[in-house]
Amino acid sequence: MRLGRIERYPANMTDRRELLAWIVSEAIEPGEHLTEKQVNERLLNYTDDVVMLRRYMIDFGLLDRTPSGSSYSRHDEA
């Protein structure tokens, strides 16, 4: 991270997950349900490539998405 923004993702998956978990904990409150637009707006604080960041969060099980993609929420373990 540089100036609070992701410069590049850690190659080590444990370190990457730790970074993603920290961002989720900072950007999304437990129990909060957000639209994709709202998630993107919050993730813009950390990177310009919000699509990749959001995908990593989902892939690592830190962010849940409804099957329709209409709502996102922080996973209970985040």
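**Salt bridges and helix packing**

Let's begin with E32 and R42, whose side chains meet in a salt bridge at 2.8 Å, N to O; the term stands for a side-chain nitrogen of Lys or Arg within 4 Å of a carboxyl oxygen of Asp or Glu. This pair links distant parts of the chain, 10 residues apart, with E32 in the loop between α1 and β1 (33-34) and R42 in helix α2. Helices (H or I, at least four residues) and strands (E, at least two) are DSSP runs, numbered from the N terminus. R42 counts as partly exposed because its relative accessibility is 28%; the classes are buried for under 20% relative accessible area, exposed for over 50% and partly exposed in between, with a 1.4 Å probe and protein chains only.

A word on the model itself: it is predicted, so local features need pLDDT of at least 70, side-chain atom pairs count only at pLDDT 80 or more, and totals for chains, interfaces and linings use all residues. Residues are numbered from 1 along each chain as its sequence is written, and side-chain values use heavy atoms, leaving out hydrogens and water.

Searching the whole structure gives 4 salt bridges. Another of them joins the side chains of D48 and R5, at 2.7 Å from N to O. Here the partners lie 43 residues apart: D48 sits in the loop between α2 (36-43) and α3 (50-59), while R5 belongs to the segment before α1 (13-27). D48 counts as exposed, because its relative accessibility is 66%, whereas R5 is partly exposed at 27%.

A further salt bridge brings together the side chains of E36 and R54, at 3.9 Å, N to O. E36 is partly exposed, with a relative accessible area of 34%, but R54 is buried, at 10%.

R54 leads us into α3, where V50, L53, R54, Y56, M57 and I58 are buried. In an α-helix, residues three or four places apart point the same way, because there are 3.6 residues a turn. The cover over the buried residues of α3 includes α1, α2, β2 (63-65) and β3 (72-74). After α3 comes G61, with a positive phi near 75 degrees.

How do α1 and α3 cross? Their axes come within 10 Å and cross at roughly 105 degrees, so α1 is roughly perpendicular to α3. Axes are lines fitted to C-alpha atoms, for helices over the stretch in contact, with angles from 0 to 180 degrees between N-to-C directions; under 35 degrees counts as roughly parallel, over 145 as roughly antiparallel, 65 to 115 as roughly perpendicular and the rest as oblique. On the α1 side, the contact (heavy atoms within 4.5 Å) is made by R16, L20, I23 and V24, and on the α3 side by L53, Y56 and M57.

Now step back to the whole protein chain, with its 3 helices and 3 strands. Along the sequence they follow the pattern α-β-α-α-β-β. The C-alpha atoms fill a box of roughly 30 × 20 × 20 Å along the principal axes. Of the 78 residues, 37% count as buried. Among contacts between residues at least 6 apart in sequence, 50% join residues at least 24 apart.
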